[in-house]
Amino acid sequence: MAETMKKQADSPDLVYGLEDRPPFGNALLSAVTHLLAIFVPMITPALIVGGALELPVEMTAYLVSMAMVASGVGTYLQVNRFGPVGSGMLSIQSVNFSFVTVMIALGAGMKEGGLTKDAMISTLLGVSFVGAFLVCFSAWLLPYLKKVITPTVSGVVVMLIGLSLVHVGITDFGGGFGAKADGTFGSMENLGLASLVLLIVLIFNCMKNPLLRMSGIAAGLIAGYIVALFLGKVDFSALQNLPLVTLPVPFKYGFAFDWHAFIVAGAIFLLSVFEAVGDLTATAMVSDQPIEGEEYTKRLRGGVLADGLVSVIATALGSLPLTTFAQNNGVIQMTGVASRHVGKYIAVILVLLGLFPVVGRVFTTIPSPVLGGAMVLMFGLIAIAGVRILVSHGIRRREAVIAATSVGLGLGVAFEPEVFKNLPVLFQNSISAGGITAVLLNLVLPEDKTEAAVKFDTDHLEH
């Protein structure tokens with residue numbers, strides 16, 4: 001007790017600091033709290049990609065299982081800091097939403113080209129496997145990328161990720177791709193079920209208890225699933241004849257590579273570095289660690305390097321690429337537990353869950369409207385997170401022009417994919433088109449010295 005009070009005196013916002021080892025009960029409770037924050041977002045990308053590309057149930061379930069296993073392995077690497085690898089902070093790894101729309105778009109093109117489902121997945125994961133090495137390489141270039149990695153660029157990328165995913169969310173809200181095929185898309189039953197989930201999530205989000213607020217998405221999904229059971233919309237056939245354990249098989253569906261797909265995926269990998277830097281910086285801040293200087297630079301480099309290596313491992317096992325999750329920074333603030341040792345508990349739990357195939361298969365039985373009710377809000381919040389990053393350092397005329405042009409072109413590609421068909425494939429994806437535009441404009445447009453000076457004077461007067 002005296003030791004805890006001392007820690008609180010040293011850092012009033014933290015009960016357990018970075019290197020503290022909480023008792024087993026406290027550590028386990030904190031680990032479960034973190035899992036509540038990431039579990040649904042972690043398995044959702046595989047469900048979305050599987051549904052959009054009409055993958056077999058067993059393939060989608062394997063993607064979900066490997067997402068959990070890879071997230072556990074990645075979290076263990078991050079929190080332990082093996083040599084130069086890992087941030088050494090409570091940095092939780094989870095599936096990167098940035099790749100969802102990219103995977104769907106690339107996969108759809110491959111389907112039209114006549115590829116089988118196995119060949120399509122092997123190509124998507126093969127491209128991601130090679131692309132993940134770009135993140136590893138970027139980790140050593142971080143000191144030279146300060147002029148490129150700005151809040152404006154990062155904000156635009158995160159905002160476009162959220163906005164581009166809203167289309168997927170609203171499609172499931174109306175019943176999903178299956179409902180479009182059988183003519184029930186937008187039926188009152190589907191809309192009512194999705195609206196019920198959304199309403200429950202919103203109600204929980206208005207509660208004062210932080211744990212209840214954080215559990216809102218899980219509560220909404222559970223309630224929606226129960227109602228869907230009574231409506232007869234849950235198909236349990238996927239749970240038949242399941243093996244007891246699913247063992248990870250490297251390159252289970254083979255390994256294939258496509259240069260056109262690699263160019264797009266590679267750009268998203270590079271742009272995801274911006275997001276990782278922001279998330280790691282936020283983790284350092286809430287963990288009472290420095291956000292400048294040599295130690296900060298080492299943590300940043302180690303965190304990004306781990307992001308790349310973890311994605312290499314994840315895609316080899318059969319998961320979508322991973323990244324450091326921002327949601328957990330809110331959990332650290334809420335609980336006051338920044339101990340990296342809690343991450344070891346999280347890692348073990350995730351790996352164990354991923355090894356039992358029934359866990360992955362159960363999630364594949366969630367009806368599309370139930371998922372859609374939660375996803376519309378979830379993806380909207382990602383877009384709002386991008387806006388917050390944009391305004392974090394103030395928006396002057398130059399930043400406004402960069403953001404407006406980049407978002408305009410990025411969303412334009414999302415609405416009219418054929419508009420840049422005569423340009424390199426890099427510009428035919430909304431996120432990469434908008435992100436690259438933001439990077440180029442940030443490098444080319446001159447700084448407004450007068451405007452910057454006015455801002456400095458204002459800041460000086462405020463202090």
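These notebook entries record what I looked up in a predicted model.

**Ground rules.** I number residues from 1 along each chain as its sequence is written, and I leave hydrogens and water out, since side-chain values use heavy atoms. In this predicted model, local features need pLDDT of at least 70 and side-chain atom pairs count only at pLDDT 80 or more, while totals for chains, interfaces and linings use all residues.

**Entry: α5 and α12.** I looked up helix α5 (residues 117-139) and helix α12 (residues 294-317); helices are DSSP runs of H or I, at least four residues, numbered from the N terminus. Their axes lie 8 Å apart and the packing angle is about 165°. Axes are lines fitted to C-alpha atoms over the stretch in contact, and angles run from 0 to 180 degrees between N-to-C directions. The two helices are therefore roughly antiparallel (an angle over 145 degrees). On the α5 side, the contact (heavy atoms within 4.5 Å) includes Leu125, Phe129 and Cys136; on the α12 side, it includes Arg301, Val304 and Asp307. I recorded the classes as 12 nonpolar, 4 polar and 2 charged residues. Here Ala, Val, Leu, Ile, Met, Phe, Trp, Tyr, Cys and Pro count as nonpolar, Asp, Glu, Lys and Arg as charged, and the others, Gly among them, as polar.

**Entry: α6 and α11.** Helix α6 (residues 151-173) packs against helix α11 (residues 259-286) at about 110°, with axes 9 Å apart. That makes α6 roughly perpendicular to α11 (65 to 115 degrees). From α6, Val153, Ser154, Val157, Val158 and Ile161 meet Leu271, Phe274 and Glu275 of α11.

**Entry: Ser272.** I found Ser272 in helix α11. Ser272 is buried at a relative accessible area of 8% (buried means under 20%, with a 1.4 Å probe and protein chains only). Beyond neighbours within four places in sequence, Ser272 contacts Asn96 and Val135. Ser98 is 174 residues from Ser272 in sequence, yet their C-alpha atoms are 7.3 Å apart.

**Entry: Thr246.** I located Thr246 in the loop between α10 (216-230) and α11. Its relative accessibility is 13%, so Thr246 counts as buried. Residues up to four places away aside, Thr246 touches Tyr62, Met66, Gly354, Leu355 and Pro357.

**Entry: the core.** The largest nonpolar core has 122 residues; such a core is a set of buried Ala, Val, Leu, Ile, Met, Phe, Trp, Tyr and Cys residues joined through side-chain atoms within 4.5 Å. Among those with the most contacts inside it are Ile48, Phe274 and Val304. Apart from neighbours within four places in sequence, Ile48 is in contact with Phe97, Val100, Ile104, Val168, Met375 and Phe379.

Note on methods:
Angles under 35 degrees count as roughly parallel, over 145 as roughly antiparallel, 65 to 115 as roughly perpendicular and the rest as oblique. Buried means under 20% relative accessible area, exposed over 50%, partly exposed in between (1.4 Å probe, protein chains only).
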